[in-house]
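Have a look at the sequence and structure first, then read on.

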Amino acid sequence: MNKQTLNIIFTFCIFAAFVWAAVTALTFSRLAQFFPLYVSIAGSVVSGIYLITEIMKLIKRKNEASHSVMILKPLIYTGWVVGYVISIFFFGLFIASAAYLIAFLLIESNFPLFKAFYSTGIALFVMTVLSRLLDIAWPSSILLGM
Amino acid sequence: MIDSALEALRIVLDPSRILFTCLGIGLGIVVGLLPGLGGTVGMSLLLPFIFGMDPFIGMALLIGMVAVVHTGDTFPSVLLGIPGSSGSQATIMDGFPLAKKGEASRAMGAALFCSMIGGIIGGVVLYLAIPFAAPLITSFNSPVLFMLTMLGLSMAGLLAGDSPAKGALSGLIGLMIGSIGSAPAITEYRYTFDFLYLSNGLSLPVVALAIFAFPILITMLTHKGSVAEASQLKGGVLKGVGDALKNKLLVFRSAVLGSLIGFIPGLGGSVVDWLAYGAGKKTVKNSKFGEGDIRGVIAPESANNAKEGGALIPTLLFGIPGSGTTAILLGGLILMGLEAGPRMLTTELPLTLSIVWTLVIANIIGAILCMTLVKPIAKLSLIPGEKLVPFLTILLLIGAYQSNFAWGDIIAFIVIGLLGYIMTVLDWPRPPLLIGFVLAISAERYYWISIERYGWEWLSNPIVITIGALIVILLTGGSIMKKISSNLQNQEV
């Protein structure tokens, strides 16, 4: 997608969020209201002005080429992170990390099978030792409760 | 007082106490190295062990750990562009671009050396401030604290880069995110969508990791490369040390600024590195801050270790903790049978002075230890992204989870991370967002107290006017100077 168009879409989203925040702030009591209201009004005004100038720039440079932005690849990699988080939710950190590491190293990093298992083993060992030593809490799973 | 200081040095150099200082240093470096963990986690870990301990040994352990967290956190900030803790966010701005150029060792050398010098200056400031601390701290009322918060926010303007509108919007987004949760003036929840997790607001480590680390993860994968775009590492640790020595005035200025900001309770140590970075950017000649200027590493790193010395003044002398770390330190004092307060300057003066020495010694040992680790750890920047990212993802998710031990931390990490990634792709500056977030609650709280207590009269306070003028100078001074110099150049031509 065109970078300039994406910037306009993003700015519009920010503008809409500020307007919504300002309207919502009106429902708060006086002492809770003033700060978010001031900030969201300022945000709405600045984002509104910026949005208009960006649209005008886009209209002026309609025929000029603009940088394109990658969409699919970042979505795939975000999908990996989201998938990993979902698997932690169901199976717990240890099992999910093992599965995630092996799958990622084999598919994305093109590791040979042995190296992928070997690296995963070391990572899980370091993770366990560090969390025991530093008493680091792990996200719990709803299925296994660990 | 000098006799007491020498006596305290003798106590600190006792081999058994040095051993505990080293234990604290070891833990501090590990905690700093791991993104998401900070001094608060380190303190919480040590607290159960110091119950009933000799106060000199207990403080050696605790202060040894606190002193070097901001030394260890330089590694992830420079090598991966991920803040190791909240005090090393500004180091990313130039440290990471230097690592990209293959100059990670140079950046690390400068950062570690400056951390050491900053820590020593922080210790000296703590020592010198002891007699003057009381009147100074009581002079900071809410209007002054509000204006200091505004001074911090003005740094967002300085970091906006080429687009002031994007910078201002980024700062406003940060302020808006910071207003999520309970209002400081009244028991009322805002923008929580009835999620219990959001009632306390989002925590700083989650937002900092999300806004800086998540985009790095995705970018490293999409660009299929290592952090260092060069295939070999250039410039060693000593070159970085040389850079720091060449900029000794910047080191000194930033360290003193760090100590003074740390000294102010409630302002939040998380903003100290940004203030030093912004001040450095405004004051150095031929600034290329943000593009891999070594001075952009020197300024924040000199300030963040120095801050610890300043932060200990209100904590020890008045029992006012300026951060989560110092709040736990107060608990530690109680566990050792002590109480923060004026007694720390009378009957407990040797202990207070031993803290000063421990701070200085821990900074020296910590920096030397880290310097020996630079060479092997700097090689991380040569590892291709697709091999490093899966391991980093696990580390970052666990790090984010440590903030509240809640699933909300992980969800917030991903949601804010996506916002950070879009901002990165569209060239929106992210540091203003973080500054806005850090200062949102302080800005609201101090503004509200100022208005409720003083009406509009607080605006006539001389300190408020001075800080206000300073903000205006900071924001407009650069462009006015540029206009004057270009006019002069035109006249000469």
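Chain A is divided into domain 1 (3–60) and domain 2 (72–133), with bounds that come from an automatic or database domain assignment. The centres of domain 1 and domain 2 of chain A, taken over C-alpha atoms, are separated by 39 Å.

Some housekeeping before the details. This is a predicted model, where local features need pLDDT of at least 70 and side-chain atom pairs count only at pLDDT 80 or more, while totals for chains, interfaces and linings use all residues. Residues are numbered from 1 along each chain as its sequence is written, and chains are lettered from A and ligands numbered from 1 in the order in which they are written.

**Chain B overall**

- The secondary structure of chain B comes to 21 helices and two strands; these are DSSP runs numbered from the N terminus, with helices being H or I of at least four residues and strands E of at least two.
- Of the 493 residues in chain B, 60% are buried (20 or more other C-beta atoms within 10 Å of a residue's own; 12 or fewer is exposed, in between is partly exposed, and C-beta atoms are placed from the backbone).
- Take the contacts in chain B between residues at least 6 apart in sequence: 81% of them join residues at least 24 apart. A contact here is two C-beta atoms, placed from the backbone, within 7 Å.

**Where the chains meet**

- On the B side, 39 residues are in contact with 45 residues of chain A.
- Helices α10 (164–178), α11 (204–222), α18 (385–401), α19 (407–425) and α20 (431–454) of chain B each supply at least two residues of the side that touches chain A.
- Which helix gives the most to that side of chain B? That's α18(B), with nine residues.
- The side of chain B that touches chain A has 30 nonpolar, four polar and five charged residues. For the classes, Ala, Val, Leu, Ile, Met, Phe, Trp, Tyr, Cys and Pro count as nonpolar, Asp, Glu, Lys and Arg as charged, and the others, Gly among them, as polar.

**Helix α1 of chain A**

- The 23 residues of α1(A) (residues 3–25) should span 33 Å at 1.5 Å a residue, and the end C-alpha atoms are 32 Å apart, which agrees. The expected span is 1.5 Å times one less than the number of residues.
- Buried residues of α1(A) include A:Ile14, A:Phe15 and A:Phe18.
- What covers the buried residues of α1(A) includes α2 (30–60) of chain A together with α10 of chain B.

**A helix pair in chain B**

- The axes of α7 (residues 104–129) and α17 (residues 349–378) of chain B come within 8 Å and cross at roughly 175°.
- That makes α7(B) roughly antiparallel to α17(B) (angles over 145 degrees count as such).
- The contact of α7(B) with α17(B) has 17 nonpolar, seven polar and one charged residue.

**Residues to click on**

- A:Asn110 has a positive phi of about 55° although it is not a glycine, and it lies in the loop between α4 (93–107) and α5 (113–133) of chain A. With 11 C-beta neighbours inside 10 Å, A:Asn110 counts as exposed.
- B:Leu335 lies in helix α16 (residues 324–335) of chain B and touches B:Leu47, B:Ile50 and B:Phe51, not counting residues up to four places away in sequence.

Definitions and conventions: Axes fitted to C-alpha atoms, helices over the stretch in contact; angles between N-to-C directions. Parallel < 35°, antiparallel > 145°, perpendicular 65-115°, else oblique.
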